[in-house]
Amino acid sequence: MSATIIDGKAFAAKVRGKVAEHVARLQKDHGITPGLAVILVGEDPASAVYVRNKGKQTLEVGMASIEHKLPADVSQDELYALIDRLNGDPQVHGILCQFPVPDHLSETEIVARIDPAKDVDGLHVINAGLLATGQRAMVSCTPLGCLMMLRDTLGSLSGLDAVVIGRSNLVGKPMAQLLLGESCTVTIAHSRTRDLQSVVGRADIVVAAVGRPEMVPGAWIKEGATVIDVGINRIPAPERGEGKTRLVGDVDFASAAERAGAITPVPGGVGPMTIACLLANTVTACCRANGLPEPEGLTA
Ligand code: NDP
């Protein structure tokens, strides 16, 4: 079998298109512009690139982008005062702090300070609890993107066997909750799982979120399964020249594509969906804040 390649770049463009349409409607019918505030602490170059990309895409869909750049030695009190101000600002519907932050600040406490209704990264314990109990939550962007791609590829997921490899609060756990919400039979695998091969071999859906280059060989994949590869790993690529690198996922793409029914590539699979879902979450948060119907197809 040769798998269908799930084009995350094209899918993300479609999601951004839907967000833009909804934003235009909110402006036209209600005079509301959704606003996303991003806080960057320090000068980490990779974080600065992420924040720039987020700001650019936010503006492209017609939303307001509010960036706050704070020095690396900003005090906890100053940072919390900013978050409190954004929590109370009716023009701001989504707030995120770009991680990692310098060691003197606590990521857990920063997330806890953000109003759960504006927590568009879906990391607040209130949102994790709402998701776990099957209630309306803000859902972490990467798993939300994976769910959208799975629904688009498979239609109903009900009754399918799914394995999520990885149990982080950011990806693995919310992914498993979402799949449970779709009535999949869900297995969560992690570093202590005894026989990962047989767990993966049973699954109709494999979501790999580990961070170990090509750790899942294609031979493990059940014929026709759908494979969502969240992993982003940079490995040496001497064939491209001295010192060159390339990105690979947690799944060995070439051999898995021989057995899977559908598979996401790395790069160009899950990656582009994450920012698209951040924008989707912001427009959803804006609708909820204003008591308006939520955009269709952009929520869990
Ligand atoms: P974490 O490091 O927080 O979690 C990794 C998980 O993998 C842990 O639960 C760990 O288990 C598990 N694990 C480690 N080794 C093994 C193993 N040998 N077998 C099975 N499970 C194992 O990572 P994240 O969840 O934050 O990210 C995972 C990957 O996804 C990374 O490559 C990251 O870069 C990528 N990512 C991509 C995004 C995107 O936009 N596409 C967004 C977010 C992440 P244990 O708990 O037992 O230690």
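Ala, Val, Leu, Ile, Met, Phe, Trp, Tyr, Cys and Pro count as nonpolar; Asp, Glu, Lys and Arg count as charged; the others, Gly among them, count as polar. This is a predicted model, in which local features need pLDDT of at least 70, side-chain atom pairs count only at pLDDT 80 or more, and totals for chains, interfaces and linings use all residues. Residues are numbered from 1 along each chain as its sequence is written, and side-chain values use heavy atoms, with hydrogens and water left out.

**Exercise 1. Describe the largest cavity and sort its lining by class.**

Step 1. Take the term. On a 1 Å grid over the protein atoms alone, a cavity is a set of points where a 1.4 Å probe fits but cannot get out; lining residues have an atom within 4 Å of a point.

Step 2. Give the volume, the space filled by probe spheres set on the points, with grid points joined across faces, edges and corners. The largest cavity has about 40 Å³. The structure holds one cavity of 30 Å³ or more.

Step 3. Name the lining. It consists of Ile95, Leu96, Cys97, Phe99, Val111, Ile114, Asp119, Asp121 and Leu123. Strand 4 (residues 94-97) gives the most, three residues. Strands (E, at least two residues) and helices (H or I, at least four) are DSSP runs, numbered from the N terminus.

Step 4. Sort. Seven are nonpolar, none polar and two charged.

**Exercise 2. Describe the second largest pocket and its lining.**

Step 1. A pocket is an open set of points with protein on both sides within 12 Å along at least five of seven lines. The second largest pocket has a volume of about 280 Å³.

Step 2. Its lining has 22 residues, and Leu131, Gln135, Val139, Leu178 and Ala300 lie nearest the centre. Helix 5 (125-132), helix 6 (141-154), helix 7 (172-181) and helix 10 (271-289) each give two or more residues. Helix 7 gives the most, four.

Step 3. By class, the lining has eleven nonpolar, seven polar and four charged residues.

**Exercise 3. Which residues are closest to the ligand?**

Step 1. A residue is near if one of its heavy atoms lies within 4 Å. Of the 20 residues around the ligand, Arg167, Ser168, Ser191, Ile232 and Thr274 are the closest.

Step 2. Look for polar contacts (pairs of N or O atoms within 3.5 Å). Ligand oxygen atoms lie 2.7 Å from a side-chain N or O atom of Arg167, 2.5 Å from a polar side-chain atom of Ser168 and 2.5 Å from a side-chain N or O atom of Ser191.

Step 3. Sort the shell: nine nonpolar, nine polar and two charged residues.

Conventions. A polar contact is a pair of N or O atoms within 3.5 Å; within protein, one must be able to donate a hydrogen and the other to accept it, and residues adjacent in sequence count only if both atoms are side-chain atoms.
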